[in-house]
Amino acid sequence: MHNEETQNQLLLYFYNELDDAKGKQLLEHIKNCALCKMRLEELKNLSLFVGQNKKSPPQAIVNDIYCHIRQAKKPAYTFTRRFYKPAIAFAGAMLVILVFNFFKKPSLPEDLWFEDIYSRLETLHSDISEINQYFASSDYIMQAKIDELEELVGNMEISDI
Amino acid sequence: MNDDKLMLQAKLGRDEAFKMLMEKYKTPIYSYALNMLGDEAKAGDVFQEVFIKIFENLKNYRPEGKFKSWIFKMASNRVMDYFRQKKETDFDENKQASSDHAPADILIKKEKSENLKKALDKLSATDREIIYLKEYGQMTFREISQIMDMPLGTVLAKANRSIKKLRNFLGAENA
């Protein structure tokens, strides 16, 4: 049974990647197979040895990465810091304008009526001015006529009258 | 909090989330790179490049529950870049002392870890990668097959072949 398939199954079994049915079947085989037991022991020793060679990186290298990250983030941070308050103020102002416009009282018919009245009053005022000007000019003509008559009357003799 | 949630938090600019991810994966990624490259300086470079790349790609990250595969894929790519730069060639299998009849309990009897380390270093980069992704990444063989763009059967065959090679190396040294 020591073909390639068995070797593969031993590997998968050792690393808990073999499904239950095949695992049970293999376990039965291993019980009676000295060679497979030894192969499993080999895997165990290899795994232990490789596991012992684990090593953490020097802290300096880890710190270098943190440093790099800080540097990479710095421009974004400065930009945010520089424009943070003006951006908030601008956004606030825009919000106030939006809210004001939203809640603004719409034009009512009364308002329109008053607007119409004002317009009519202006027209009336203009008309009155024209009439005044007319009368003013009429007064002037009348006065001229009176002056002319007075002058004629002044030149006349009593007998003429 | 799972990796995706931490990534989403980091995406929102919370440095603490990114630090938590780094704390979680710093040892697996560094150990993987160190054991693959055998050079602390290069392993440190890979480690830095991986995490800086993650940070720079936070915006593009899509939470699909595959963060571990993603981070190890990045580490694997960087490690392979180093191998390409070094023009390091894979171990020539033809030169290996091959014996199917090597004593089965050689690995058990081997107590000197240096020998095992030497034997591991003699494996090809691909063979070693499977072992280190398995041990340091705690990944399933299926995840490894996705990272390495290989069928699952190929990954398992390579893993078995690596173990056989280790057995043979150690057997040859013992002989």
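**Reading a two-chain predicted model**

Biologist: Leaving aside its neighbours within four places in sequence, which residues is B:Ser76 in contact with?

Modeller: Contact here means heavy atoms within 4.5 Å. With those neighbours set aside, B:Ser76 touches B:Tyr32, B:Glu129 and B:Ile147. Keep in mind that this is a predicted model.

Biologist: Where is the place of B:Ser76?

Modeller: B:Ser76 belongs to helix H4 of chain B, residues 67-86.

Biologist: Does B:Ser76 count as buried or exposed, and why?

Modeller: Check the relative accessibility against the cut-off. Buried means under 20%. B:Ser76 has 5%, so B:Ser76 counts as buried.

Biologist: Now B:Glu16. Buried or exposed, and why?

Modeller: The other cut-off applies: exposed means over 50%. B:Glu16 counts as exposed because its relative accessibility is 54%. B:Glu16 sits in helix H2 of chain B, residues 15-37.

Biologist: How many residues apart in sequence are B:Glu16 and B:Leu6, and what is their distance in space?

Modeller: Ten residues in sequence, and 8.9 Å from C-alpha to C-alpha.

Biologist: On to the rings. How many aromatic pairs does the structure hold over all chains?

Modeller: Twelve aromatic pairs, counted over all chains. Two numbers describe such a pair: the distance of the centres and the angle of the planes. Take B:Tyr30 and B:Phe47, which pair edge-to-face, with 6.3 Å between centres and 90 degrees between the planes. This pair links distant parts of the chain. B:Tyr30 is in helix H2 of chain B, and B:Phe47 is in helix H3, residues 40-56, 17 residues apart. Both B:Tyr30 and B:Phe47 are buried.

Biologist: What angle do the planes of B:Tyr61 and B:Trp70 make?

Modeller: The angle is 45 degrees, and the centres are 4.9 Å apart. That pair is called tilted.

Biologist: Is B:Tyr61 buried or exposed?

Modeller: B:Tyr61 is buried, because its relative accessible area is 6%. B:Trp70 has 26%, so B:Trp70 is partly exposed.

Biologist: Which residues form one aromatic cluster?

Modeller: B:Phe18, B:Tyr30, B:Phe47, B:Phe51 and B:Phe55. The edge-to-face pair of B:Tyr30 and B:Phe47 thus has both its residues in that cluster.

Biologist: What sits over the ring of A:Tyr66?

Modeller: For a charge over a ring, look at the distance to the ring centre. The charged end of B:Lys19 sits over A:Tyr66, 4.9 Å from the centre of that ring. In chain B, B:Lys134 lies over the face of B:Phe141, at 4.4 Å from the ring centre.

Biologist: Now the voids. How many cavities of 30 Å³ or more are there?

Modeller: A cavity is a space where the probe fits but cannot get out. The count comes to one. The volume of the largest cavity is about 80 Å³.

Biologist: Which residues line the largest cavity?

Modeller: Both chains contribute. From chain A come A:Leu11, A:Tyr15, A:Leu43 and A:Leu46. From chain B come B:Ile130, B:Ile131, B:Lys134, B:Glu135, B:Phe141, B:Ala159 and B:Ile163. Helix H3 (34-52) of chain A gives two or more residues, as do helices H7 (125-137) and H9 (152-174) of chain B. H7(B) supplies the largest share, four residues. B:Lys134 and B:Phe141, the charge-over-ring partners, are both in this lining.

Biologist: And pockets. What volume has the second largest pocket?

Modeller: About 240 Å³. Its lining includes B:Tyr61 and B:Trp70, the tilted pair. Also among the lining residues are B:Arg62, B:Lys73, B:Gln146, B:Ile147 and B:Asp149. H4 and helix H8 (141-147) of chain B each give two or more residues. H4(B) makes the largest contribution, with four.

Biologist: Back to chain A. How many helices and strands are there?

Modeller: Five helices and zero strands. The pattern along the sequence reads α-α-α-α-α. Of its 161 residues, 18% are buried. Chain A exposes about 13100 Å², and carbon and sulfur atoms supply 62% of that.

Biologist: Of the contacts in chain A between residues at least 6 apart in sequence, what share join residues at least 24 apart?

Modeller: The share is 51%.

Biologist: Which residues of helix H1 of chain A are buried?

Modeller: H1 covers residues 4-14, and the buried ones are A:Thr6, A:Gln7, A:Asn8, A:Gln9, A:Leu10, A:Leu11 and A:Leu12. Residues three or four places apart on an α-helix point the same way, because there are 3.6 residues a turn. A:Leu11 also lines the largest cavity.

Note on methods: Residues numbered from 1 in each chain as written. Chains lettered and ligands numbered in written order. Predicted model: local features only at pLDDT ≥ 70, side-chain atom pairs only at ≥ 80, totals over all residues. Heavy atoms only, no water. Buried < 20%, exposed > 50% of the residue type's maximum accessible area, 1.4 Å probe, protein only. Phe/Tyr/Trp six-rings, centres within 6.5 Å; stacked < 30°, edge-to-face > 60°. Lys NZ or Arg CZ within 6 Å of the ring centre and 35° of its normal. Areas by Shrake-Rupley, 256 points an atom, 1.4 Å probe, with all protein chains shown as cover. 1 Å grid on protein atoms, 1.4 Å probe; cavity = no way out; pocket = protein on both sides within 12 Å on 5 of 7 lines; lining within 4 Å. Points joined across faces, edges and corners; volume = space filled by probe spheres on them.
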